[in-house]
Amino acid sequence: MAGEIILIVEDEIGIRELIQLYLQKNGYHVLTASDGVEALMILEREQPRLILLDIEMPRMDGFELCRQVRAKLTLPIIYLSSRRGVTDKLKCFELGGDDYITKPFDFSELKARIEANLRRYRQFGSDIEQSSDILKYGQLEIDLNRCQFKLNGEPVELSVKEAQLLMLFVQHPNQVWSAEQLYDHIWGLESTGNIETVKVHISNLRRKLDKDLAHSQYIRTVRGFGYLFAK
């Protein structure tokens with residue numbers, strides 16, 4: 001996966017330059033920004049394959065940048081933060097983050113996380129390219145070829161993980177998946193995240209697909225077992 005473009009958004013110049021040097025030595029092309037405003041300017045002219053994102057930054061923090069990026073792009077976002085609280089981590093995932101690494105971190109772990117997220121992103125795109133089908137479930141329309149989702153004819157913007165979850169569900173309708181199984185399929189065994197991540201992404205996905213969360217039309221909870229996509 002060397003040669004991919006990675007955008008580092010980090011206000012501490014020492015950390016930013018160390019990460020940049022390490023990734024360049026491992027064959028990646030690296031872009032850097034010191035805050036969210038600068039990152040958005042870069043994204044207008046460049047197309048990185050992954051973003052490494054700090055939370056606490058001037059002008060625009062990582063939360064707001066993630067929110068704005070997710071409105072347009074589906075590339076993987078890995079948070080790099082010194083915040084260790086569960087609340088902060090869950091907020092990152094709620095906004096569409098794909099992974100979370102706590103500072104200080106080992107560079108070998110960072111490399112492994114980058115490779116894992118890029119691999120899943122590439123596999124996700126490869127799976128879609130192999131099919132030109134358009135699936136319809138009620139008012140939900142899924143274009144497998146273009147990786148586009150519509151509800152009642154209107155586009156639905158999904159993060160990478162949300163899209164991967166939905167694709168997995170529709171490929172196995174009426175199959176019950178436990179949170180652990182979904183975690184293994186989407187995040188992978190090498191990920192060190194929390195199983196609560198699955199619940200957060202399922203909740204986000206439901207909010208985007210169903211107005212009545214108490215009676216979800218598409219993703220249903222099977223009490224004591226997990227989730228299924230109702231066909």
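Analyst: A charge sits over a ring if NZ of Lys or CZ of Arg is within 6 Å of the ring centre and within 35 degrees of the ring normal. Here, Lys 91 lies over the face of Phe 63, 4.2 Å from the ring centre. This is a predicted model: local features need pLDDT of at least 70, side-chain atom pairs count only at pLDDT 80 or more, and totals for chains, interfaces and linings use all residues. Residues are numbered from 1 along each chain as its sequence is written, and side-chain values use heavy atoms, with hydrogens and water left out.

User: How many aromatic pairs does the structure hold?

Analyst: Rings of Phe, Tyr and Trp (its six-membered ring) pair if their centres lie within 6.5 Å; planes under 30 degrees apart count as stacked, over 60 as edge-to-face and the rest as tilted. The structure holds seven such pairs. In one of them, the ring centres of Tyr 22 and Phe 107 are 4.9 Å apart and the planes stand at 40°, so the pair is tilted. Phe 105 and Phe 107 form an edge-to-face pair, with 5.7 Å between centres and 75° between planes.

User: Is Phe 105 buried or exposed?

Analyst: Buried means under 20% relative accessible area, exposed over 50%, and partly exposed in between (1.4 Å probe, protein chains only). Phe 105 has 17% and is therefore buried. Tyr 22, at 22% relative accessibility, counts as partly exposed, and Phe 107, at 27%, also counts as partly exposed.
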